[in-house]
Amino acid sequence: MLTLDAVWYRYPGADAPTLRGVNLELRDGEVLGLVGANEAGKTTLCLVAAGLAPRTLGGTLQGRVLIDGTDMAALAGHEVVERVGIAFANPATQLSGVNRTVYEEVAFGPANLGLPRLELIERTESALAALRIGPLADRDPARLSGGQQQLVAIAGLLALRPRHLVLDEPTSQLDPAGTRLVAEALARLAADGASILVVEHRTDLLAGIAARVVALDAGRVALEGPADAVLADARLPALGVAEPASVRLARLVAEAGHDPAPIRGLAPSATPVAARAGLESGSPA
Amino acid sequence: MAAGAVPAFLGKPGPTPYHRLNPLTKLVAATSVALAAIILGDVAGPIALLAAGVVLPAVVARSLRALARAALLLTLPLALSILLVNLFFFPGGERVLLRIGPVAATLEGLAFGIEILLRLLAISGAITLFYLTTPVSELVIDLERRGVPARLAHVASASVQTVPAMVERAAAITAAQRARGLDTEGSPWRRLRGLLPLAGPVILGSIAEVEERAMALEARGFTRPGPRTLLWHPADSGWQRAARWSLLAGVVGLAAGRLGGWPG
């Protein structure tokens, strides 16, 4: 489990903190969606959860980030890497820039861990197969399209086989087929026990893969709960998050005086999500 | 593919015998030619170096045309200025070939200019041939196998490969600024003025990218202490090891001879 316990984070030189008292639990075998408007703190939360802030970025962190009960501050950088993997929104900057083939690029992370060669090959081929990018294996990563680079970057992350994954807009440059492949790979990883945090603007995708969803607003948790309930919450658009198509359709059907229940079982929420059973509203610190 | 074997495209042999040499052998050859060009005086030495150390390997590597084009592009402005400065301003030049107003072109200046030019061509040709026939990543893998720290090898490699990325970024920003009405054509002054709005986005964008890249490398275990696992490494052989040591010994011998007064 990856836990953020009352986390405040301020970037170096910033006047105000970007994260304000965030409490979050990323449970084993769970896909947790993270939504919010621009500047809500989603990427910052990813960097903190992956141990890059403040370790690499600098800045000030208050509160604790725990990986399987161990305080992240007590772990060396490479020990964190073996437990938490992160993929950024821009795949071009995520490629190492030193490998001539996709195969070597995917192998780059596990090679850094000094794994036995046979295991390195097995992990690389397994990651390539998971995202069906085996046919790209001999291509130059720098000469791929943005979507292909994104799949390569995610494959490189999968090859590291971390117990916890943090994905910041992993499908931002993918077509529907690529998005489906990533969604399938994430579902398989979660089924194998990995915990996965996904920042995603496409709420339709989250509705399909996330068990729970958290909405951030100005660095605080504004909504948290089961995906279906949060994504149907009436307050979501006010937080700068587009509702999934099924929710919108259900709302329109309800407004037209018909029963919206058959539409994926999602009814538009007339009451705040926090009022529903099993949901908690984030309490700003 | 056999179990535990890497795909055949990794470490695929190069198209010519020169390409197939170990990267370190090619690096030592290029360095030896460059150093010898500095050590050797006169015209005959650099000509022999150019022929044996640059042109002949380039023919074997079927890269002579690419080499000539690159060498011309890289050295032409410098070569012209070296020739002109020495031709007209060589101190102590006596045999006048041509007089233009107050300055005179001298034979001594021409001879010295040609000597420097040949050295320059040998140095740039050797380095260019190395880059034309050796993927940087192969050199990095080979150096890593020999115990050079991975971080050092990759930083050097990434720096070389950052240049094309910056050129691409600059081209994209230029296109975007042009689409918004920026004039980057016309007189040199207008072109220079047009460059100013491009400098900020290119430099700041590159700095931001470096930060993201650093985080991505950190997240992929790059800073972990200890050796990395290598999937493959370029082939080496006993005769290449001997050739490398011979080349280095030859350069040391040349330097010693030069210091000792050879060729007189």
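Mentor: Let's start with terms: helices (H or I, at least four residues) and strands (E, at least two) are DSSP runs, numbered from the N terminus.

Trainee: OK, how many helices and strands does chain A have?

Mentor: Chain A has nine helices and ten strands. Bear in mind that this is a predicted model, where local features need pLDDT of at least 70, side-chain atom pairs count only at pLDDT 80 or more, and totals for chains, interfaces and linings use all residues. Residues are numbered from 1 along each chain as its sequence is written, chains are lettered from A and ligands numbered from 1 in the order in which they are written, and side-chain values use heavy atoms, without hydrogens and water.

Trainee: How much of chain A is buried?

Mentor: Of its 285 residues, 55% count as buried, meaning under 20% relative accessible area (1.4 Å probe, protein chains only).

Trainee: And which residues touch the most others in the largest nonpolar core?

Mentor: That core has 56 residues, and the ones touching the most other members include A:Val106, A:Ile196 and B:Leu231. A nonpolar core is a set of buried Ala, Val, Leu, Ile, Met, Phe, Trp, Tyr and Cys residues joined through side-chain atoms within 4.5 Å.

Trainee: Which helix gives the most to this core?

Mentor: Helix 5 of chain A (residues 146–160), with seven residues. There is also a second, separate core of 37 residues, with A:Val7 and A:Val214 among them.

Trainee: Back to A:Ile196, what does it touch?

Mentor: Leaving out residues up to four places away in sequence, its partners include A:Leu26, A:Glu30 and A:Leu167; contact means heavy atoms within 4.5 Å.

Terms used: Buried means under 20% relative accessible area, exposed over 50%, partly exposed in between (1.4 Å probe, protein chains only).
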